[in-house]
Amino acid sequence: MNNPIPNSFPAIEVPYKLAVVGDCPETNEQSPFSGSAGALLSALQQSNAMSSACFKGNLIQIPCAYNDVSRLHKLSSAYLDGKEKLTEDLQTFQPNCVLLAGKEVLKLSGIAHSNHDFRGSIFECKLADSL
């Protein structure tokens with residue numbers, strides 16, 4: 001089994017509290033959104049949202065086959081433990097808004113559309129209460 005990639009809290013404080021949440025880390029990541037998904041954070045920096053000021057995390061903290069959480073059984077310990085840890089971390093951080101970057105976290109948040117329909121959308125944070 002792969003080593004977990006823990007969610008990361010901001011390194012600096014800013015007036016906003018943005019959480020960037022994905023489904024699972026890529027197999028080559030050392031921290032959330034450090035692989036090719038990091039391009040999303042580069043785009044955020046162009047809009048003056050600093051990556052180091054954002055919470056970055058995933059529903060599942062271990063890399064999933066083909067980066068596809070839907071292949072993971074919803075009652076597996078990786079899924080349930082990851083969901084519990086993400087909920088705990090988001091409740092600790094208490095973000096103002098969240099950028100949901102995975103179809104599973106979109107689905108858990110009650111958004112029944114594809115990831116492609118909502119890619120790059122930022123939502124008022126209700127995720128911590130609804131996971």
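Glu104 touches Asp23, Leu59, Val69, Lys74 and Tyr79, leaving aside residues up to four places away in sequence; contact here means heavy atoms within 4.5 Å. This glutamate belongs to helix α3, which covers residues 103-108. Helices (DSSP runs of H or I, at least four residues) and strands (runs of E, at least two) are numbered from the N terminus. With a relative accessibility of 4%, Glu104 counts as buried. The accessibility classes, computed with a 1.4 Å probe on protein chains only, are buried for under 20% relative accessible area, exposed for over 50%, and partly exposed in between.

The model is predicted, and local features need pLDDT of at least 70, side-chain atom pairs count only at pLDDT 80 or more, and totals for chains, interfaces and linings use all residues. Residues are numbered from 1 along each chain as its sequence is written, and side-chain values use heavy atoms, with hydrogens and water left out.

The aromatic rings come next. A pair of aromatic rings is described by the distance of the centres and the angle of the planes. Rings of Phe, Tyr and Trp (its six-membered ring) pair if their centres lie within 6.5 Å, and planes under 30 degrees apart count as stacked, over 60 as edge-to-face and the rest as tilted. Searching the whole structure gives three aromatic pairs. In one of them, the ring centres of Phe9 and Phe55 are 5.3 Å apart and the planes stand at 75 degrees, so this pair is edge-to-face. Phe9 is in the segment before β1 (18-22) and Phe55 in strand β2 (residues 55-58), so the pair links distant parts of the chain, 46 residues apart. Phe9 is partly exposed at 39% relative accessibility, whereas Phe55 is buried at 0%.

Phe9 also pairs with Phe93: their centres lie 6.5 Å apart with planes at 70 degrees, so this pair is edge-to-face. Because Phe9 lies in the segment before β1 and Phe93 in helix α2 (residues 77-93), parts 84 residues apart in sequence are tied together. Phe93 is buried, its relative accessible area being 6%. Through these ring pairs, Phe9, Phe55 and Phe93 form a cluster. Over the ring of Phe93 sits the charged end of Lys17, 5.0 Å from the ring centre; for this, NZ of Lys or CZ of Arg must be within 6 Å of the ring centre and within 35 degrees of the ring normal.

Finally, strand β1 holds Val20, a residue that is buried at 0% relative accessibility.
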